[in-house]
Amino acid sequence: MKKYVAILAAVCLAFGVSACGSSSSSSSSGSEASSASASASGSASASASGEATTDESERTTFVVGFDAEYPPYGYMDDNGEYTGFDLELAQAVCDMEGWELVKTPINWDSKDMELNSGSIDCIWNGFTMNGREDDYTFSIPYVDNSQVMVVAEDSGINSLADLSGKIVGVQAASAALTLLQSEEEGGQKALADTFAELQEFADYNSAFVELQAGSIDAVAMDIGVANYQIKTRGEGYKILDEALNTEQYAVGFKKGNTELCDIVNKDLEELTNNGTVAELAEKYDISDLICLEAE
Amino acid sequence: MSFSTMLMQLSSGMVKTTGIFFWTIILSLPLGLFVSFGRMSKNPALKNIVKIYISVMRGTPLMLQLMMVYYFPYLLFGMNIRTFRFPAIIIGFTINYAAYFAEIFRSGIESMPVGQYEAAKLLGYSKSQTFIKIILPQVIKRILPSITNEVITLVKDTSLAFSLSYMEMFTVAKQIVAKEATFTPFIVAAIFYYVFNFVVAAVMEHFEKKLSYYR
């Protein structure tokens with residue numbers, strides 16, 4: 001009996017230690033701002049000076065919160081490292097400022113708590129600014145986005161009016177959901193009221209599988225994401241020509257954190273002028289969505 | 001993404017899952033025992049406090065508790081919680097599972113016949129000697145199947161660490177699914193969980209056999 005207790009204790013220790021080891025090691029390999037530092041989301045930032053809102057000239061790390069299930073803006077690449085248009089752009093900003101980029105994948109539902117509590121410095125991940133201006137300090141917009149409807153190719157649905165009486169899926173806590181619930185000018189509550197049901201999903205994969213299986217008729221999402229999903233999944237889907245709205249993506253900072261926001265704005269302008277933004281947009285196939293223009 | 005990269009990513013997530021699992025077991029079992037003492041205490045104040053604790057822990061979702069633990073220092077004191085993510089997860093899981101374990105311990109301890117305490121007293125055993133040498137070994141024997149139940153549930157509950165943005169195995173699986181647009185990572189994740197639980201169940205069964213003397 002004693003022997004087994006000893007073995008079990010040893011195993012426990014080994015796992016405990018390795019769990020700690022794997023996370024703390026990433027802070028030492030800091031320059032490699034890849035999956036290593038991102039995967040150790042919690043403890044990697046231990047090397048940070050601490051306070052988020054103190055003097056910006058002393059900043060050494062830049063903690064970006066993103067949804068890792070949001071290609072092409074933020075996702076896990078073929079090598080298991082976090083990448084995407086937004087993350088590479090953030091990396092470019094960090095390179096200019098000499099900060100270390102810490103990629104922290106967050107639970108999208110708790111993005112506000114993560115930001116307000118200082119766990120992350122900004123939300124940079126296809127983050128729609130329209131309608132959220134009162135809640136965050138936003139950078140200059142960098143992508144012209146629109147919310148669109150994706151339907152099955154053979155569904156016979158060709159316009160938003162055809163969606164009447166249909167079941168429509170939408171990601172929880174997303175801009176598309178807010179839009180479909182908004183009664184204000186430009187909101188689509190009236191359209192949503194014609195749906196048989198507005199179904200909320202945690203992620204686009206389940207939404208697409210349900211769309212494929214026919215248990216829902218359409219999915220509302222951002223055009224960039226829709227393009228990526230259709231490209232990855234192949235034939236069988238189409239985007240309705242009528243968009244629900246047009247809106248902009250920007251980097252969201254904690255309300256009042258203008259100091260950090262100004263630095264990022266300045267860098268974004270510079271990155272636009274030197275062509276980095278256009279280059280990245282090309283790489284991620286979203287060139288026609290970029291709204292930053294070189295001077 | 002190649003299949004081997006996917007396995008690598010899921011394995012690194014599995015290391016984190018296992019970390020949560022073992023830390024929770026190591027901390028919550030002893031804590032549960034002490035909580036069960038409080039629950040059976042003759043002091044009505046202590047007994048009622050512990051009763052409320054167990055009732056809240058069992059009566060509210062674990063996901064909510066995790067979020068409360070993590071954001072509590074910030075919401076109440078405005079503290080910086082950047083390095084608090086992993087500790088918060090362990091604390092959250094531990095206080096939740098301790099409540100369940102406490103009730104399991106209580107069921108075991110209260111099932112012991114009073115005659116054993118009386119006999120031990122007659123033989124000159126002190127109260128603590130009686131408990132440690134006579135009662136506890138029998139209790140462990142009796143409650144092992146219920147403990148196994150909870151431990152297996154814990155393995156699967158580790159996926160709730162996602163609510164605190166901790167990249168445990170299931171979260172990684174979801175990210176790969178989002179990128180690859182296939183269900184394969186979920187199937188692999190299911191196999192990982194099953195194998196882990198299979199091992200847990202086998203180890204526990206082994207202990208049960210070892211402890212089934214006098215039968």
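In this predicted model, strand S7 and strand S14 (residues 252-254) of chain A pair in the antiparallel sense over 3 bridges. Within that pairing, A:Gly252 in S14 of chain A is the bridge partner of A:Phe138. The two strands belong to an open sheet of 5 strands in chain A, ordered S5-S1-S6-S14-S7, with mixed pairing. Strand S5 (100-105) and strand S7 (136-138) of chain A are its edge strands, each pairing on one side only.

**Confidence**

The predictor assigns the complex an ipTM of 0.78 and a pTM of 0.79. The two chains score as follows.

| Chain | Mean pLDDT | Residues scoring at least 70 |
|---|---|---|
| Chain A | pLDDT 82 | 81% of residues |
| Chain B | pLDDT 93 | 100% of residues |

Where pLDDT is low, the predicted coordinates should not be read in detail.

**Domains of chain A**

The domain assignment divides chain A into domain 1 (22-142 + 253-289) and domain 2 (146-247). Their contact takes 13 residues from domain 1 and 11 residues from domain 2 of chain A. On the side of domain 1 that touches domain 2 in chain A, the residues divide into 7 nonpolar, 4 polar and 2 charged.

**Chain B**

Chain B has 8 helices and 0 strands, and its pattern along the sequence is α-α-α-α-α-α-α-α. Taken along the principal axes, the box filled by its C-alpha atoms is roughly 70 × 50 × 25 Å. Of the 215 residues in chain B, 37% are buried. Among the contacts in chain B with a separation of 6 or more, 75% join residues 24 or more positions apart.

**The nonpolar core**

The largest nonpolar core has 122 residues, and those with the most contacts inside it include A:Val64, A:Ala218, B:Tyr70 and B:Ile89. Helix H4 (residues 85-110) of chain B gives the most to this core, 15 residues. Domain 1 (22-142 + 253-289) and domain 2 (146-247) of chain A both contribute residues, so the core lies between them. Not counting residues up to four places away in sequence, B:Ile89 touches B:Ile20, B:Leu66, B:Ala161, B:Leu164 and B:Tyr166.

**Backbone details**

Two residues other than glycine have a positive phi. A:Ala173, with phi of about 60°, lies in the loop between strand S9 (167-171) and helix H6 (175-181) of chain A. B:Ser165, with phi near 55°, is found in the loop between helix H6 (127-157) and helix H7 (169-180) of chain B.

Is each of these residues buried or partly exposed? B:Ser165 is buried, as 24 other C-beta atoms lie within 10 Å.

Chain A also has a cis peptide bond, from A:Pro71 to A:Pro72, with omega near 5°. A:Pro72 lies in the loop between strand S2 (69-70) and strand S3 (74-76) of chain A.

Terms used:
Residues are numbered from 1 along each chain as its sequence is written. Chains are lettered from A and ligands numbered from 1 in the order in which they are written. This is a predicted model: local features need pLDDT of at least 70, side-chain atom pairs count only at pLDDT 80 or more; totals for chains, interfaces and linings use all residues. A nonpolar core is a set of buried Ala, Val, Leu, Ile, Met, Phe, Trp, Tyr and Cys residues joined through C-beta atoms within 7 Å. A residue is buried if 20 or more other C-beta atoms lie within 10 Å of its own, exposed if 12 or fewer, and partly exposed in between; C-beta atoms are placed from the backbone. Helices (H or I, at least four residues) and strands (E, at least two) are DSSP runs, numbered from the N terminus. Domain bounds come from an automatic or database domain assignment. Two residues are in contact if their C-beta atoms, placed from the backbone, lie within 7 Å. pLDDT is the predictor's confidence in each residue, from 0 to 100. Ala, Val, Leu, Ile, Met, Phe, Trp, Tyr, Cys and Pro count as nonpolar, Asp, Glu, Lys and Arg as charged, and the others, Gly among them, as polar. Two strands pair if DSSP finds at least two bridges between them.
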